[in-house]
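Work through the exercises below with the sequence and the model side by side. Try each task before reading its solution.

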Protein chains: 2
Amino acid sequence: MDLPSHRARLACRAGDAGQTAGIAPGFVQGNLAILPERDAAAFHRFCQLNPKPCPIIGISEVGDPRIPALGIDLDIRTDLPRYRVWRDGVPVAEPLDIMEHWRDDLVAFVIGCSFSFEEALIADDIPIRHIECGVRVPMYRTNIACSPAGPFAGPMVVSMRPLRPADAIRAVQITSRFPSVHGAPVHLGLPQSIGIRDIARPDYGDPVPIHDDEIPVFWACGVTPQAVIAAARVPFAITHAPGLMLVTDLRNKNLAVL
Amino acid sequence: MDLPSHRARLACRAGDAGQTAGIAPGFVQGNLAILPERDAAAFHRFCQLNPKPCPIIGISEVGDPRIPALGIDLDIRTDLPRYRVWRDGVPVAEPLDIMEHWRDDLVAFVIGCSFSFEEALIADDIPIRHIECGVRVPMYRTNIACSPAGPFAGPMVVSMRPLRPADAIRAVQITSRFPSVHGAPVHLGLPQSIGIRDIARPDYGDPVPIHDDEIPVFWACGVTPQAVIAAARVPFAITHAPGLMLVTDLRNKNLAVL
């Protein structure tokens with residue numbers, strides 16, 4: 001086995017990896033959320049109820065750091081470049097691995113990421129502004145309430161890409177084929193309608209210019225689970241560090257439902 | 001055979017029919033364009049090159065007034081409520097039938113109509129403003145050039161429906177399934193980008209209100225062929241009269257490609 005995705009994970013294991021955007025093209029990357037069993041069931045229900053921001057593409061057994069469906073030798077404790085450890089809803093550490101934090105009661109959730117659908121958009125010659133600009137995608141808290149489950153509740157976080165209207169229509173068609181990586185946009189054109197007051201000031205990531213012949217198009221974002229983990233102030237959780245995702249052996253093209 | 005569509009055509013034949021919107025729900029209605037053989041080939045190429053405004057759903061043999069694929073006993077000379085006869089690009093008559101205008105060299109083209117996709121939108125609980133208001137859909141000439149063929153050329157005409165952004169996204173998904181009745185929108189959100197200066201003054205049909213939480217969504221429109229027939233100043237043509245369409249025995253639901 002010598003997949004680029006496998007090599008990317010081995011680099012993480014060796015402590016020698018950075019931002020994963022552009023790493024192992026064609027392979028699915030994922031957001032990570034790890035919770036103790038006592039909170040994991042409610043978090044799982046939250047994802048089930050909110051599949052657009054939280055599409056689950058992999059889940060571990062309780063206490064088992066492997067997720068064979070995402071990679072034969074994958075070890076969720078070492079195979080991301082960097083992790084974020086949360087206590088009571090506050091990030092307290094960003095270690096390179098979580099060997100010392102792992103426990104027998106932890107459950108790992110891997111959640112689809114927009115990198116997969118961005119690859120499909122680029123393959124269709126639709127330009128992605130934040131990639132062109134070399135910055136992080138702009139993300140915003142909205143007034144769209146997620147469906148709550150147990151302690152997990154809060155607003156949906158969305159990512160934004162400015163597109164010309166004809167490209168926006170094509171982007172709806174393309175991303176509709178990929179429900180497991182956020183699927184179709186949740187909004188377009190009227191940011192104020194979803195509670196975004198200043199499009200130039202994203203809540204996460206970096207601002208990007210919107211040209212006169214473009215409209216902002218918004219997709220549900222995998223930052224949503226981190227936001228609700230923070231808001232729920234759960235005693236203990238681990239996520240990926242921003243932009244430092246899990247690289248899996250799944251192929252983006254295989255996620256297409258049509 | 002006692003289909004509602006057949007009864008609708010019999011009423012036309014009896015000279016006893018008006019606007020066809022809402023007639024024979026579930027059945028496909030079509031725009032009509034009839035041209036002499038010498039212009040029909042170029043018109044056919046025009047439709048081939050511009051499938052969004054001019055999706056052909058039926059075509060007759062030269063000089064044959066029947067189109068069995070659209071209705072077993074269909075007679076294109078009598079089965080619409082009213083026709084419009086054109087000479088040198090100018091409408092000169094609006095007869096109830098075209099028996100006296102029929103010639104051995106005429107070819108009839110039936111072109112898909114937005115009624116079919118509106119039915120799918122309404123079935124998905126997406127409200128259609130001009131139907132709620134009881135007026136004709138607003139239509140606009142754009143700066144989107146059709147691909148020319150022979151004498152046929154000109155701008156695409158579009159119809160507009162105001163929708164809330166989430167409904168607009170859903171409408172893209174739904175209408176993408178129906179390429180033979182104009183398919184996905186061609187534009188949304190920025191009317192000035194496609195050369196529409198005043199959204200409150202449509203070039204055809206009636207204006208409708210757009211609410212603050214809505215964006216205008218534009219579909220290619222079956223009025224486009226009439227506009228290019230007028231612009232081409234072809235010596236002779238026959239179309240349907242506005243809003244008075246051919247009711248066929250095809251089912252809207254059978255047009256879905258997915």
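A residue is buried if 20 or more other C-beta atoms lie within 10 Å of its own, exposed if 12 or fewer, and partly exposed in between, with C-beta atoms placed from the backbone. Helices (H or I, at least four residues) and strands (E, at least two) are DSSP runs, numbered from the N terminus. This is a predicted model, in which local features need pLDDT of at least 70, side-chain atom pairs count only at pLDDT 80 or more, and totals for chains, interfaces and linings use all residues. Residues are numbered from 1 along each chain as its sequence is written, and chains are lettered from A and ligands numbered from 1 in the order in which they are written.

**Exercise 1. Confidence**

Task: State the average pLDDT of chain A and the ipTM of the complex.

Solution. pLDDT is the predictor's confidence in each residue, from 0 to 100. Chain A averages 97, and 100% of its residues score at least 70. For the complex, the predictor gives an ipTM of 0.90 and a pTM of 0.93.

**Exercise 2. Strand 11**

Solution. Next, look at pairing: two strands pair if DSSP finds at least two bridges between them. A:Gln29 sits opposite A:Val247 of strand 11.

Now turn to chain B. B:Arg251 belongs to strand 11 of chain B, residues 246-251. B:Arg251 is partly exposed because 14 other C-beta atoms lie within 10 Å. Its C-alpha atom is 9.7 Å from that of B:Ser5, 246 residues away along the chain.

**Exercise 3. Two sides of a helix**

Task: Sort residues of helix 2 of chain A into buried and exposed.

Solution. First, the span. Helix 2 of chain A holds 13 residues, 37-49, and reaches 19 Å from first C-alpha to last, close to the 18 Å expected. That expected span is 1.5 Å times one less than the number of residues. Second, the buried set: A:Asp39, A:Ala40, A:Phe43, A:Phe46 and A:Cys47. These residues cover an arc of only 120° around the axis, so they lie on the same side of helix 2 of chain A. The arc is that of the directions from the helix axis to the C-beta atoms. Third, A:Arg38 and A:Gln48 are exposed on the other side. Last, the buried residues pack against strands 1, 2 and 5 and helix 6 of chain A.

**Exercise 4. Strand 3 and its partners**

Task: Which strands of chain A pair with strand 3 of chain A?

Solution. Strand 10 (236-240) pairs with strand 3 (83-87) in the antiparallel sense over 5 bridges. There, A:Arg87 stands opposite A:Phe236. Strand 4 (90-93) is also antiparallel to strand 3, through 3 bridges. A:Trp86 faces A:Pro91 in strand 4. The hairpin of strands 3 and 4 has 2 residues between the strands, and A:Asp88 takes a positive phi near 55°.

**Exercise 5. Where the chains meet**

Task: How many residues of chain B are in contact with chain A?

Solution. Two residues are in contact if their C-beta atoms, placed from the backbone, lie within 7 Å. By that rule, 18 residues of chain B contact 18 of chain A. Helix 5 of chain B gives the most to its side, with 7 residues.
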